[in-house]
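Morning, everyone. Please look at the screen, and keep the sequence next to the picture.

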Amino acid sequence: MPRLAIVGGYGMAGRALARSVMALPGWQVRIGGPNAAKAERVASELGCEHLRVDLSEPSTLDGFLSGADWMALACAANWTHEAAQGALRNGCHWLDLQLSLPAKRQALEALGQVFADRNLCCVTDGGFHPGL
């Protein structure tokens, strides 16, 4: 059963992604962010897992991604490099919902070949403008 872990899953974009994926047969979703209470409240509304994750603390990201197949980043783009490194450490495919800002693009371009070498997908700019 595939599992998607969404960092920023309690925000507008992350919540929309969680709802969409949970409607697919067999998928499990975990949402999280630095605000554990907010993650718990939204997870209760959605009926999914939640866990606190803070991208400035790599150990929380590794715990958050444990058992996940995909990681989605639905929070500030200034954490792209740290988040992508965590996805690679944990063998997760990548999806981000952010606009294509230069710093984000540079971080992912630097790691793109690593994703490819590990047979991991790296999907960027999957948000609302225009979105997937």
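Let's start with a question: does threonine 60 count as buried or exposed? Before I answer, remember that this is a predicted model. Threonine 60 counts as buried, because its relative accessibility is 17% and the cut-off for buried is under 20%. Where is it? Threonine 60 sits in helix 3, residues 58-65. Leave out residues up to four places away in sequence, and threonine 60 touches Arg52, Val53 and Asp54.

Next, the aromatic rings. The count here is 1 aromatic pair. The partners are tryptophan 94 and phenylalanine 115. Their centres are 6.4 Å apart, and the planes make an angle of 55°. That pair is tilted. Now trace the chain. Tryptophan 94 belongs to strand 5, residues 93-96. Phenylalanine 115 belongs to helix 5, residues 102-117.

Last, the cysteines. How many disulfides are there? The count is 0. Take cysteine 92. The nearest cysteine sulfur belongs to cysteine 121, and it is 12 Å away. A disulfide needs the sulfur atoms within 2.5 Å, so cysteine 92 is in no disulfide. Cysteine 92 is also buried, at 0% relative accessibility.

Now cysteine 121. For this residue, the nearest cysteine sulfur is that of cysteine 122, 8.8 Å away. Cysteine 121 is in no disulfide either. Cysteine 121 is partly exposed, with a relative accessible area of 37%.

That's my tour. Thanks.

Definitions and conventions
Residues are numbered from 1 along each chain as its sequence is written. This is a predicted model: local features need pLDDT of at least 70, side-chain atom pairs count only at pLDDT 80 or more; totals for chains, interfaces and linings use all residues. Side-chain values use heavy atoms; hydrogens and water are left out. Rings of Phe, Tyr and Trp (its six-membered ring) pair if their centres lie within 6.5 Å; planes under 30 degrees apart count as stacked, over 60 as edge-to-face and the rest as tilted. Helices (H or I, at least four residues) and strands (E, at least two) are DSSP runs, numbered from the N terminus. Buried means under 20% relative accessible area, exposed over 50%, partly exposed in between (1.4 Å probe, protein chains only). Contact means heavy atoms within 4.5 Å.
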